[in-house]
Amino acid sequence: EEILRIERDKEGHWPENRLILVGSDKHTRIISIQGGSKTGWIIGDPILEKGKGALIEKYLEESDYSNLLQTINGHYRMIVWDKRQFSIYITSSLFGILPVYYSKNYKTVHISTDSKSLSAETGQVQVNKRFFLENILFYYQLFNETAYKNVRLLPANHGMVISGNGPALHKHTNVSDWFVPNPKPWKKSSG
């Protein structure tokens with residue numbers, strides 16, 4: 001499990017030099033990508049098709065994360081550092097197969113691949129009854145809850161931007177955009 005801790009300074013700003021990676025790096029691969037003022041790290045098992053490097057750089061430079069994530073296949077997490085905007089963007093591949101957990105308070109944002117390790121690192125060890133109730137009733141968590149209060153799961157097809165304004169979630173992909181606006185109706189089979 002990996003934990004990324006981003007802290008505000010004494011004046012309440014989110015400076016670039018306070019980015020701290022805590023834990024191990026037992027990933028399949030880490031690939032670095034560049035696009036303008038942005039540097040990205042793709043962590044996990046990404047599949048980059050040959051000949052799409054310029055397109056990936058363009059999407060990264062334009063912060064077009066929807067197209068960027070559709071261009072890179074596989075299961076991975078991605079961290080993008082924008083040195084011009086002094087911001088960090090964190091997301092998971094489409095549909096969130098590899099989870100990204102986060103915990104935030106006024107001063108610190110923690111990002112992790114494991115909710116239990118994140119809970120221990122942040123001291124957020126209080127049990128979240130809602131999570132267990134949802135799993136008992138629906139055999140599924142409905143609202144990105146985890147077993148620990150104040151430790152959340154990044155929603156599928158979302159990214160988190162951490163900037164001078166603090167952390168904010170943004171939806172990067174609407175799955176409905178992949179389908180045609182007026183599908184042909186099904187025909188009944190004869191017989």
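Strands are DSSP runs of type E with at least two residues, numbered from the N terminus.

**View 1. Overall chain of the predicted model.** The chain holds four helices and 11 strands. Of its 191 residues, 41% are buried. Among contacts with a separation of 6 or more, 49% join residues 24 or more positions apart. The accessible surface amounts to about 11900 Å², and carbon and sulfur atoms contribute 53% of this area.

**View 2. Tyr102 in strand S7.** Strand S7 spans residues 101-104 and includes Tyr102. The relative accessible area of Tyr102 is 6%; because the cut-off for a buried residue is under 20%, Tyr102 counts as buried.

**View 3. Surroundings of Tyr102.** Leaving aside residues up to four places away in sequence, Tyr102 touches His110, Ile111, Leu118, Met160 and Leu169, among others. Its contacts also include the run Asn150, Val151, Arg152, Leu153 and Leu154.

**View 4. The pair Tyr102 and Leu154.** These two residues lie 52 positions apart in sequence. Their C-alpha atoms are 7.0 Å apart in space, and Leu154 is one of the residues that Tyr102 touches.

**View 5. Residues 15-24 and model confidence.** The average pLDDT of the chain is 82, and 83% of the residues score at least 70. Over residues 15-24, by contrast, pLDDT stays under 50. The model has 27 contacts beyond four places in sequence for this segment.

Definitions and conventions: Residues are numbered from 1 along each chain as its sequence is written. This is a predicted model: local features need pLDDT of at least 70, side-chain atom pairs count only at pLDDT 80 or more; totals for chains, interfaces and linings use all residues. Side-chain values use heavy atoms; hydrogens and water are left out. Buried means under 20% relative accessible area, exposed over 50%, partly exposed in between (1.4 Å probe, protein chains only). Contact means heavy atoms within 4.5 Å. Accessible areas come from the Shrake-Rupley method with a 1.4 Å probe; for residues, only the protein chains shown count as cover. pLDDT is the predictor's confidence in each residue, from 0 to 100.
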